[in-house]
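Visitor: I would like a close look at a single part of this model, with the criteria spelled out.

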Amino acid sequence: MRTAKATAATVVAIPLAFGGLASQSHAQDASPSPSGTFGPGCSALSQKANTSKDKVVEAAAAYPQLSQLVSAAVRARLSGTLDGKPHVTVFAPNNQAFQKVTASQLDSLLSNQGQLKKVLTYHVVDKRITPNELSKGSFTTVEGSKLTTSGSGTDFKVNGKAKIVCGNIKAANATIYVIDTVLRPPS
């Protein structure tokens, strides 16, 4: 059953990989440190599935707005790597983030597995990051470079430009923060 579920997630994920993200239905929390999901994009993610028992790639595949990310992760052969880590945080670009990338840049990125893997692993931190840590965070990514987070309440940015549109989505081995921009590692 687990293999069938994983295969179905992969089959669904590939066409969706650069598409969208659905949100868990939680009320937006205006407190300084939200405990549930938060952000203006969570309502667009309305998904009835509980992803807290799924590994990160399968959990992301449950959200249509993350389809392009899931597809890219499958293309870069990162599923095993990400699912094998015990605790990660993924700053997950939604489908709208991928639409901001020019067609030629996206084609170039998707055709170069090494570069795609570098860009995608720049969105992953090898530890769980709580909402409390986002206000003035500096984290080393799986890619090896630093990324920063800033903000307060339910309004946070990554690297000063990518907005967290829905945050604190739980997966079995990950916390997912959906962002509206594809991040680029420093050259």
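How many helices and how many strands are there in the chain? And which residues do ring pairs link into a cluster?

Guide: This is a predicted model, in which local features need pLDDT of at least 70 and side-chain atom pairs count only at pLDDT 80 or more, while totals for chains, interfaces and linings use all residues. Residues are numbered from 1 along each chain as its sequence is written, and side-chain values use heavy atoms, with hydrogens and water left out.

The chain has seven helices and seven strands; helices (H or I, at least four residues) and strands (E, at least two) are DSSP runs numbered from the N terminus. In sequence order the pattern is α-α-α-α-β-α-α-α-β-β-β-β-β-β. Of the 187 residues in the chain, 51% are buried, where buried means under 20% relative accessible area, exposed over 50% and partly exposed in between (1.4 Å probe, protein chains only). Among contacts in the chain with a separation of 6 or more, 69% are between residues 24 or more positions apart; a contact is a pair of heavy atoms within 4.5 Å.

Now the cluster. Phe38, Phe91, Phe156 and Tyr177 are linked by ring pairs, and the structure holds three aromatic pairs. Rings of Phe, Tyr and Trp (its six-membered ring) pair if their centres lie within 6.5 Å, with planes under 30 degrees apart counted as stacked, over 60 as edge-to-face and the rest as tilted. Phe38 and Phe156 have ring centres 5.7 Å apart and planes at 65 degrees, so this pair is edge-to-face. The pair links distant parts of the chain: Phe38 is in the loop between helix 1 (2-16) and helix 2 (56-61), and Phe156 is in strand 5 (residues 155-158), 118 residues apart. Both Phe38 and Phe156 are buried.

Phe38 also pairs with Tyr177: the ring centres are 6.3 Å apart and the planes are at 55 degrees, so this pair is tilted. Because Phe38 lies in the loop between helix 1 and helix 2 and Tyr177 in strand 7 (residues 174-179), the pair ties together parts that are 139 residues apart in sequence. Phe38 counts as buried because its relative accessibility is 0%. Tyr177 counts as buried because its relative accessibility is 0%.
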